[in-house]
Amino acid sequence: MQWHTGKPDEIMEQLESSPLGLTATEAQNRLRVQGPNELTEKAKKTMFMMFLDQFKDFMIMVLIAAAIIAGVIGEASDTISIIVIIVLNAVIGFIQEYRAEKAMELLKKMSAHTALVLRNGIHDEIPAVQLVSGDVVILEAGQIVPADMRLIDSSRLKVEEATLTGESVPSEKHPNPLPDEHLPVGDRKNMAYKGTIVSYGHGIGIVVATGMATELGKIASMLQNADEMKTPLQKRLASFGQKLALAVLAICAIVFVVGLLRGEPPLLMLLTAISLAVAAIPEALPAVVTISLALGAKKMVGQNALIRKLPAVETLGSVTYICSDKTGTLTLNKMTVEEVYTNGKQLKADEVMPNGTTELFTALALSNDAELDGSGAVIGDPTETALYAFAKLKGFDKVDVKQDFPRVAEIPFDSKRKCMTTFHKIPSGSHLAPGGEGAFVSFTKGAIDVLMGASLHVLTAEGLKTVDVEELQIANDRMSAAGLRVLGLSMRFWDAVPEELSPEKVEKDLTVLGMVGMLDPEREEAKEAVLLCKSAGIRPVMITGDHPLTATTIAGRLGILESGDDMVITGRELESLSLEAFEERVEHIRVYARVAPEQKLKIIKALQDRGHFVAMTGDGVNDAPALKQADIGVAMGITGTDVTKESADMILLDDNFATIVKAVKEGRRIFDNIRKFIKYTMTSNSGEIWTIFLAPFLGLPIPLLPIHILWINLVTDGLPGLALAMEPAEKGVMKRPPRNPKESIFSNGLGGHIIWVGLLMGGVSLATQAWSLKTGHSHWQTMVFTVLCLSQMGHVLAIRSETESLFSQGLFSNKPLAGAFILTFVLQMATVYVPQLNPIFKTEPLTLSELALTIVMSSVVFGAVEIEKIGKRKK
């Protein structure tokens with residue numbers, strides 16, 4: 001049943017209850033049938049199973065196999081380094097998954113512990129878990145609402161529903177039926193929901209849903225059913241690992257068989273094949289990925305983005321849609337006066353106000369309940385703080401004005417009559433005093449349509465004029481159409497404060513002073529961020545619980561809405577669309593207004609079904625399921641609830657949309673660097689494989705021994721490869737479209753580069769070997785070993801950028817890489833020239849001319865890749 005549509009007595013009858021509440025016996029019977037009023041959880045995975053799950057990744061399995069093989073052939077250092085990497089990854093993954101389980105626990109903490117009920121007409125405080133449908137509950141200010149309930153009585157009741165609806169302003173409640181069956185949760189003013197907080201007044205409600213049947217329970221259910229999404233990198237690395245394992249096995253089998261056919265010793269060929277297998281698997285890859293993500297996450301904290309789940313850092317680079325809340329993220333979350341209507345003119349707030357507006361600004365300063373706290377900050381209802389600030393800006397500071405015009409009486413705001421009135425004593429000599437000392441003035445603030453009907457005159461610079469209702473209505477409509485929240489102000493003079501302070505007696509025969517139009521303005525940096533998003537091929541989308549007109553205004557100012565094809569849709573329109581019909585339109589919609597929590601899930605799923613990667617922001621509990629479903633869930637650090645933060649991949653410490661865009665840039669940089677590492681390490685491995693694989697076909701002896709392969713694999717691949725993680729972002733990183741999440745890790749020429757540069761490395765190494773053998777140089781194996789090692793050093797310097805030359809980048813723009821390059825060169829020279837290392841590495845000292853030749857030959861790869869980049873730049 002749509003509880004908000006029925007009358008209180010109909011609800012009572014439907015639930016078989018009464019204004020005196022249930023009997024104790026009936027309550028016990030219902031509790032047995034309905035179960036306790038609490039959120040239930042699915043069976044959890046044990047901590048041990050969580051840890052074991054971290055080893056299911058195919059790439060990890062390949063590394064475990066490599067560790068075993070390395071151990072079998074006696075390479076304990078390789079085995080230990082691989083095991084350390086595997087365990088480190090497992091621990092990080094376990095911590096992330098364990099922390100994610102906290103979201104449900106935090107959701108439970110939002111529930112009330114006790115409830116004040118009427119049972120048999122007697123007040124009774126009971127544990128909230130014992131509430132059942134039909135219970136009559138008394139609500140007081142400061143209480144957490146213990147269950148979903150239909151209000152049957154209220155007195156100035158306000159409920160803070162931000163955690164559920166995202167609305168920052170407390171919702172004013174009443175018991176009257178609402179005929180519209182399709183009202184979103186935030187507009188059901190006669191309902192109070194479990195987990196929300198009574199901020200003002202008191203009321204009585206009848207429980208209509210408990211436990212998992214409540215709106216909070218539905219969110220808990222969605223949170224538990226939301227699928228964990230694999231990141232693009234996780235998908236790519238899984239596919240990469242499978243293909244690599246098959247390729248390595250095939251190549252090693254061929255090398256072993258060809259060696260045997262050429263008459264090489266079987267044991268040597270077996271060790272060579274196994275060494276090649278270990279070398280071909282980039283065991284440093286998980287470490288590089290983890291280090292890249294961790295360094296990226298550390299850098300992002302300095303940019304106000306806290307990463308909760310490391311893979312999210314890279315996923316940001318694939319994002320094609322950013323679905324953002326409006327309030328506080330795209331806007332300042334601070335209501336501000338934008339326009340003023342006075343003296344028959346509509347003015348911008350920053351314009352100079354004409355003569356005759358003193359009364360209006362006195363009313364703005366006094367007719368609000370905003371006050372200064374101990375720190376000097378203005379506190380109170382967002383609308384009233386906006387009036388306070390605007391009056392102060394125009395020289396009417398409430399602190400000073402109220403000393404001259406002390407408040408002596410008031411009629412509080414009421415949602416039925418849509419206005420409030422305050423009475424003030426007029427000081428002697430004031431220009432406001434119509435009848436001398438001792439007179440009083442009342443200021444009435446509220447909806448202009450109500451004030452027009454209660455006013456006789458309008459104040460202008462020339463004096464009082466008869467109210468022109470049509471003129472005021474036109475001004476009101478113009479402001480409302482611009483998405484502004486419009487408030488009218490009026491006044492009336494009194495000889496004495498009336499004894500009967502009723503709206504009927506007081507709020508009539510008024511004089512209209514003017515109107516103000518307010519808006520929560522856009523963040524300037526958000527405007528720039530939206531432009532940057534568009535240049536980066538990312539579509540920003542606004543999702544808000546606010547009115548469509550307000551949402552459209554802000555979206556237009558920010559540049560989210562630009563062309564006629566950009567659509568605005570309301571929650572109600574979205575509800576009427578099937579998923580198929582919605583998916584056809586979803587890529588044209590830029591603004592969603594008045595949406596419910598489950599509709600956010602529908603938006604994300606529709607975009608994901610269309611192949612998009614979606615980042616979604618949220619702050620309320622209602623956003624938690626959508627954040628978990630999104631490829632990147634982004635929680636607000638300032639306004640966000642603990643539940644939302646635990647469901648998110650990333651937390652914005654400043655609640656700023658621009659921070660998301662900075663994080664996207666960092667995500668792109670990190671993925672670029674991971675790709676550079678794969679390019680470097682797989683090209684190096686390719687060079688080693690081609691060198692050993694082609695030598696027999698060219699009639700050359702095995703050019704490298706197992707110790708050479710493992711040394712290159714451990715030192716040459718390791719240090720410079722890790723240093724690539726520090727590489728700064730490429731120029732124009734935010735002027736290219738997002739990566740296609742489905743594209744292979746070898747796309748955009750990476751696979752081709754690995755093959756042709758690997759072949760070149762192998763060719764240069766084999767050419768050195770052939771020349772050395774032909775000219776009778778006995779150190780040919782050391783020369784091949786050194787050429788291959790230094791070729792990889794030249795390669796790592798050349799691939800620091802996809803297009804920019806190393807000479808324009810500067811060798812020391814990545815200091816860790818420069819250091820790794822120098823250290824690796826020194827270590828390689830040590831294997832050649834330190835006598836104690838010669839027998840271990842099966843090397844011999846090279847002559848000066850031999851060393852010069854190896855350096856020249858190993859420079860070929862660097863030169864070739866730099867020439868390739870010239871072609872890319874021209875293209």
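This report walks through a predicted protein model, from its overall build down to single residues.

## Ground rules

Because this is a predicted model, local features need pLDDT of at least 70 and side-chain atom pairs count only at pLDDT 80 or more, while totals for chains, interfaces and linings use all residues. Residues are numbered from 1 along each chain as its sequence is written, and side-chain values use heavy atoms, with hydrogens and water left out.

## The big picture

Let's start with the whole protein. It has 34 helices and 26 strands. Here helices (H or I, at least four residues) and strands (E, at least two) are DSSP runs, numbered from the N terminus. Along the principal axes, the C-alpha atoms fill a box of roughly 120 × 70 × 50 Å.

How much of the protein is buried? Of its 875 residues, 55% count as buried. That word means under 20% relative accessible area; exposed means over 50%, and partly exposed is in between (1.4 Å probe, protein chains only). The protein exposes about 36,100 Å², and carbon and sulfur atoms supply 60% of that area. Accessible areas come from the Shrake-Rupley method with a 1.4 Å probe, and for residues only the protein chains shown count as cover.

Now for contacts, meaning heavy atoms within 4.5 Å. Take those between residues at least 6 apart in sequence: 72% of them join residues at least 24 apart.

## A helix on the inside

Helix 13 covers residues 358-366, and eight of its nine residues are buried, so this helix is largely enclosed by the rest of the structure. Among those buried residues are Glu 359, Phe 361, Thr 362 and Leu 366.

## A nonpolar patch on the surface

For a look at the outside, find Leu 811, Phe 812, Ile 822 and Val 826, which form a nonpolar surface patch with about 370 Å² of accessible area together. Patches are made of residues with over 30% relative accessible area and no salt bridge; like charges are joined within 9 Å, and nonpolar side chains (Val, Leu, Ile, Met, Phe, Trp, Tyr) within 5 Å.

Phe 812 sits in the loop between helix 31 (806-809) and helix 32 (815-833). With a relative accessible area of 52%, Phe 812 counts as exposed.

## Charges and salt bridges

The protein has 85 positive and 100 negative charges, and their mean positions are 6 Å apart. Lys and Arg count as positive and Asp and Glu as negative, while His and the chain ends are not counted. Each charge is placed at NZ of Lys, CZ of Arg, CG of Asp or CD of Glu.

Side chains of opposite charge can pair when their charged atoms come close. A salt bridge here is a side-chain nitrogen of Lys or Arg within 4 Å of a carboxyl oxygen of Asp or Glu. By this rule the count is 32 salt bridges. One of them joins Arg 594 and Asp 187, with the closest N and O atoms 3.9 Å apart. The two residues are 407 residues apart: Arg 594 is in the loop between strand 23 (589-593) and helix 23 (597-609), and Asp 187 is in the loop between strand 5 (171-172) and strand 6 (191-192). Arg 594 is partly exposed at 28% relative accessibility, and Asp 187 is partly exposed at 22%.

Glu 384 and Lys 445 also meet in a salt bridge, 2.5 Å from N to O. Because Glu 384 lies in helix 14 (residues 382-393) and Lys 445 in strand 16 (residues 440-446), the pair ties together parts that are 61 residues apart in sequence. Are these two buried or exposed? Both Glu 384 and Lys 445 are buried.

Most residues other than glycine have a negative phi. Asp 655 isn't a glycine, yet its phi is positive, about 55°. Asp 655 is in the loop between strand 26 (650-652) and helix 26 (657-694), and counts as buried at 4% relative accessibility.

Lys 842, also not a glycine, has a positive phi of about 55°. Its loop runs between helix 33 (838-841) and helix 34 (848-874). At 48% relative accessibility, Lys 842 counts as partly exposed.

Leu 722 and Val 288 are 434 residues apart in sequence, but their C-alpha atoms are 5.6 Å apart in space. Leu 722 belongs to helix 28 and is partly exposed, at 28% relative accessibility.
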